[in-house]
Amino acid sequence: MLAIDIGGTHVKILATGETQRREFPSGPTLTPAQMVRQVKALATGWAFDRVAMGYPGPVLANRPIAEPHNLSPGWVGFDYGKAFGCPVRIVNDATMQALGSYRGGKMLFLGFGTGLGTALIADGIVEPMELGHLPYRKATYEDYVGLRGFERFGKKKWRERVGDVIERLAAALEPDDIVLGGGNAKHLKKLPPKCRLGDNANAFTGGFRLWEPGTTAQDRPAAKAPPANDDDAEAGRQRNSLRARTNGEKSPRPRRSASRKGLATGRRPSPALKPGA
């Protein structure tokens with residue numbers, strides 16, 4: 001299997017069974033077709049029949065849904081499976097690094113790079129998130145703790161903002177473990193409680209784990225609706241009765257079950273017959 005970590009400055013790749021990653025520069029002129037072509041050339045000598053790809057943008061149902069900020073347009077709607085000639089699984093790049101950093105329980109990943117990458121993993125199930133775009137102060141979280149905030153406020157003020165953001169998200173999500181990744185995480189002097197530094201190399205581990213059964217939502221069976229019970233039926237009858245009174249209609253009389261009829265008339269319901277009785 002081949003894991004691909006696509007960033008705004010480099011594309012890094014590693015195949016299972018290999019120990020030395022390979023990379024080439026990316027940038028604002030890189031198209032998805034060029035990426036595929038260069039990855040295939042760079043992976044010469046490596047055998048793979050599946051691809052895991054970390055994409056620098058939001059991903060839904062295994063497809064990018066927005067163009068990356070630091071690369072050329074054309075990534076949304078591109079057929080990656082056809083281009084590589086094998087099955088491809090795609091997740092947000094922060095999600096892939098989070099998956100590689102996971103040790104169990106409920107883990108929150110925060111990637112302090114160009115923006116703020118976020119992902120939550122609970123009991124081995126990955127839930128990608130876009131918390132960096134939530135409102136914070138006069139802008140968004142990533143405006144203050146991403147690269148723009150780092151350059152605008154300076155290292156000391158940026159650290160204070162990072163501490164505040166971590167405290168807020170930890171209080172809201174209550175994780176057991178918080179992993180701080182991204183290129184700017186190294187600028188943190190003291191780590192907040194429950195926090196540990198990640199490693200960019202974990203993106204490859206996450207890519208390999210991405211193909212493990214049950215890791216992503218597409219591996220899990222659709223949830224079944226809970227069976228209806230007597231309380232649900234009674235609630236429905238009450239809603240119908242309320243609508244009828246509101247519209248000036250006569251309320252429909254509730255249907256009685258056999259057991260309720262017996263109770264209403266003072267007669268005990270007949271016991272169920274036993275086999276052989």
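Two strands count as paired if DSSP finds at least two bridges between them. The legends below apply that rule to a predicted model.

**View 1. Overview of the predicted protein.** The model is a prediction. The protein has eight helices and 14 strands. Of its 277 residues, 39% are buried. Among contacts with a separation of 6 or more, 58% join residues 24 or more positions apart.

**View 2. The β2–β3 pair.** Val11 stands opposite Phe24 in β3. β2 and β3 run antiparallel and share four bridges.

**View 3. The open sheet β3-β2-β1-β4-β7.** Five strands make up this open sheet, and their pairing is mixed. The edges belong to β3 (22–25) and β7. Each edge strand has a single partner, so one side of each lacks a neighbour in the sheet. On average, neighbouring strands are turned by 15° against each other, direction ignored. α1 packs on the sheet and touches β1, β2, β3 and β4. The direction of α1 makes about 145° with that of β3. Helix α3 (residues 93–101) packs on the sheet as well, touching β1, β4 and β7. The direction of α3 makes about 95° with that of β7.

**View 4. Strand β4 and its two partners.** How many of the five residues of β4 are buried? Five are, so the strand is largely enclosed by the rest of the structure. Val51, Met53 and Tyr55 point one way from β4. Ala52 and Gly54 point the other way. β1 pairs with β4 in the parallel sense over four bridges. Here Leu2 has Val51 as its bridge partner in β4. β4 and β7 also run parallel, joined by five bridges. Val51 stands opposite Val88 in β7.

**View 5. The largest nonpolar core.** This core has 24 residues. Ile4, Met35, Val39 and Phe84 have the most contacts inside it. At least two core residues come from each of β1 (2–6), β2 (10–15), α1 (32–42), β4 (51–55), α2 (80–84) and β7 (88–92). A second, separate core has 22 residues, including Leu120, Ile166, Ala185 and Cys195.

**View 6. Surroundings of Met35.** Which residues does Met35 touch, not counting those up to four places away in sequence? They are Ile6, Phe24, Leu30, Met53, Trp75, Tyr80 and Phe84. Met35 is among the residues with the most contacts inside the largest nonpolar core.

**View 7. The open sheet β10-β9-β8-β13-β14.** This open sheet has five strands with mixed pairing. β10 (125–129) and β14 (195–197) stand at the edges. Each has a single partner strand, so one side of each is left without a neighbour in the sheet. From one strand to the next, the twist averages 20°. β9 and β10 are antiparallel, with five bridges between them. Leu120 stands opposite Glu127 in β10.

**View 8. Strand β8 and its neighbours.** Six of the seven residues of β8 (residues 106–112) are buried, so the strand is largely enclosed by the rest of the structure. β8 forms a hairpin with β9, and three residues lie between the two strands. Seven bridges join β8 to β9 (residues 116–122) in an antiparallel pair. Gly111 stands opposite Gly117 in β9. With β13 (residues 177–181), β8 pairs in the parallel sense over five bridges. The bridge partner of Met107 in β13 is Asp177.

View 9. α3 lies across β8, β9, β10, β13 and β14. α3 runs at about 45° to β9. Helix α5 (residues 147–173) lies across β8, β9, β10, β13 and β14 too. α5 runs at about 155° to β8.

**View 10. The α3–α6 contact.** α3 and helix α6 (residues 202–209) pack at an angle of about 90°, and their axes are 6 Å apart. That angle makes α3 roughly perpendicular to α6. On the α3 side, the contact residues are Met96, Gln97, Leu99, Gly100 and Ser101. They meet Asn202, Ala203, Thr205, Gly206, Gly207 and Arg209 in α6. By class, the contact has three nonpolar, seven polar and one charged residues.

Definitions and conventions: Residues are numbered from 1 along each chain as its sequence is written. This is a predicted model: local features need pLDDT of at least 70, side-chain atom pairs count only at pLDDT 80 or more; totals for chains, interfaces and linings use all residues. Side-chain values use heavy atoms; hydrogens and water are left out. A nonpolar core is a set of buried Ala, Val, Leu, Ile, Met, Phe, Trp, Tyr and Cys residues joined through side-chain atoms within 4.5 Å. Buried means under 20% relative accessible area, exposed over 50%, partly exposed in between (1.4 Å probe, protein chains only). Contact means heavy atoms within 4.5 Å. Axes are lines fitted to C-alpha atoms, for helices over the stretch in contact, and angles run from 0 to 180 degrees between N-to-C directions. Angles under 35 degrees count as roughly parallel, over 145 as roughly antiparallel, 65 to 115 as roughly perpendicular and the rest as oblique. Ala, Val, Leu, Ile, Met, Phe, Trp, Tyr, Cys and Pro count as nonpolar, Asp, Glu, Lys and Arg as charged, and the others, Gly among them, as polar.
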